[in-house]
Amino acid sequence: MADTEVKETSVQENKNTPAEMKKGRKGGRIRPRNYDLGNGVYRFSRTRMFHKKAVYKFIGKKTPKTVKPKKPITIEKKISGDKNGEKRIVLLKKRRANYPTEDPVTVHHSKKCFRDHRRYLRPSLKPGTICILLAGIHKGKRVVFLKQLKSGLLLVTGPFLINACPLRRVSQNYVIATSTRINVSGLKIPAHINDDYFKRKREKRAKKEEGDIFSKKKDEYKPNDQRKADQNVVDKFVIAAIKRNKEKKMLFTYLSAMFGLRSSQYPHRLKF
Amino acid sequence: MPFQRFVESGRIAYVSDGQYKGKLVAIVDIIDQNRVLVDGPASNVPRCEMRLNELHLTKFRIRFSYTGSTRVVRKAWEAANINDLWKETMWARKVEAKKKRLELSDFDRFKLRKAKQIRNKLRTDVFYRLKKKVKKAKTTSASKKAEKK
């Protein structure tokens, strides 16, 4: 492409003087006649360009310099009245009357609330992926990932029947996603299972008048009937999905077994 | 026992490090104490210099004229059937197994563990049964001897 254009321009130049050519040219970008072939090698050598540009025509010639008249910055003004020095030098362009005392207020971008944060999910995590938990009371267990909640946390289940890990929320940072996946398509998680569902319910502290504040015992956590029912619904589906798998027997033992590293096994070198 | 494998032209070496890790090359020429000129026409390694500390010498050696070209090396390589000979070696099989082990997923590793457990259980059972048998045979023969006396 560029090559043909180069020829055209060179032909034109032979006919016309450069000044005429400038007039005849249409507006827009002009491609340079000489161009980089890569690695700093140019298409035309210095001598080729010398002839192309017809530099020989201009050797020894000098265009007279046009001297622009200088515009005055100041002007001398006559001042009437005695004791005024008769004249004063005044700037043609007046200076600003005032300058800001403070830096102008720059506009900050608004900070996003947590609920507006963008949630990311590792591509290795897809519903039905078997994950290894790395933190919390269930660490080391292999669990089934169900979905990502609105807060960005993962909803996960053991299933409870297999390894006693209930429906739980985990951060994806504390999970290793394995390449093993169970087909859980069609799983409908009850709509009320959301972040609020898992929120810790805190009782208010007893007031001063009502007996000793230290005497109150801590209640141990016990799942309520609602949770048990939800657990049942989800686990039933997940277990059925595992049973549909070809290696169901192995999968059951796999899920019930804890993850651990043996000697000369390094998690960053392993494939999961 | 004297050394069996030498750095010499025609020696087949296994590349243990660098860009061509895991490939076989033939030593063509020796540059100095640490470096050699190698060529791997059958393993897509261009003729280049390599440090000797990233080469492991194999037991194979091919014969070609001194500093032969790539074409000559390829001919000698194919004539000696190095690729097939290499595949049969224990070394190559171990490399292959190692590669396979690295590729295993977590579930595969678990299955392997379980399979090994079953195999070991079977093996120890057989072993104990045999042991018992031998013990029994010994005691009976001993008692018979005692009776004879």
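Chain B has a mean pLDDT of 93, with 99% of its residues at 70 or more, where pLDDT is the predictor's confidence in each residue, on a scale from 0 to 100. This is a predicted model, in which local features need a pLDDT of at least 70 and side-chain atom pairs count only at pLDDT 80 or more, while totals for chains, interfaces and linings use all residues. Residues are numbered from 1 along each chain as its sequence is written, and chains are lettered from A and ligands numbered from 1 in the order in which they are written. For the complex, the predictor gives an ipTM of 0.74 and a pTM of 0.65.

Chain B contains four helices and five strands, which follow the pattern β-β-β-β-β-α-α-α-α along the sequence; helices (H or I, at least four residues) and strands (E, at least two) are DSSP runs, numbered from the N terminus. Five strands form an open, antiparallel sheet in the order β4-β3-β2-β1-β5 of chain B, two strands being counted as paired if DSSP finds at least two bridges between them. Because β4 (45–51) and β5 (55–61) of chain B stand at the edges, each with a single partner strand, one side of each is left without a neighbour in the sheet. The twist in this sheet averages 40° from one strand to the next, with axes taken as lines fitted to C-alpha atoms, for helices over the stretch in contact, and angles running from 0 to 180 degrees between N-to-C directions.

Strand β1 (residues 11–15) of chain B runs antiparallel to β5(B) and is joined to that strand by four bridges; B:A13, for instance, has B:L57 in β5(B) as its bridge partner. Helix α1 (residues 70–80) of chain B packs on the sheet, where it touches β2 (24–30), β3 (35–40) and β4 of chain B, and its direction makes about 130° with that of β2(B). Contact here means that the C-beta atoms of two residues, placed from the backbone, lie within 7 Å.

An unreviewed UniProt entry annotates residues 10–39 of chain B as "domain: KOW"; such positions are given in the numbering used here, feature names are shortened, and annotations may be inferred rather than shown by experiment. In the model this span is 0% helix and 57% strand, and its end C-alpha atoms lie 10 Å apart.

Chain A has seven helices and nine strands. Five strands of chain A make an open sheet with antiparallel pairing, in the order β8-β7-β6-β5-β9. Here β8 (168–170) and β9 of chain A are the edge strands, each with a single partner strand, so one side of each lacks a neighbour in the sheet. The twist averages 45° from one strand to the next. Within the sheet, β5 (residues 129–133) and β6 (residues 142–148) of chain A pair in the antiparallel sense over three bridges, and A:C131 has A:V143 as its bridge partner in β6(A).

Buried residues (20 or more other C-beta atoms within 10 Å of their own, against 12 or fewer for exposed ones and partly exposed in between, with C-beta atoms placed from the backbone) make up 14% of the 272 residues of chain A and 17% of the 149 residues of chain B.

Where the chains meet, the contact takes nine residues from chain A and eight residues from chain B. On the side of chain A that touches chain B, the elements giving two or more residues are β9 (175–181) and α7 (248–256) of chain A. The residues of that side divide into four nonpolar, four polar and one charged, where Ala, Val, Leu, Ile, Met, Phe, Trp, Tyr, Cys and Pro count as nonpolar, Asp, Glu, Lys and Arg as charged, and the others, Gly among them, as polar.
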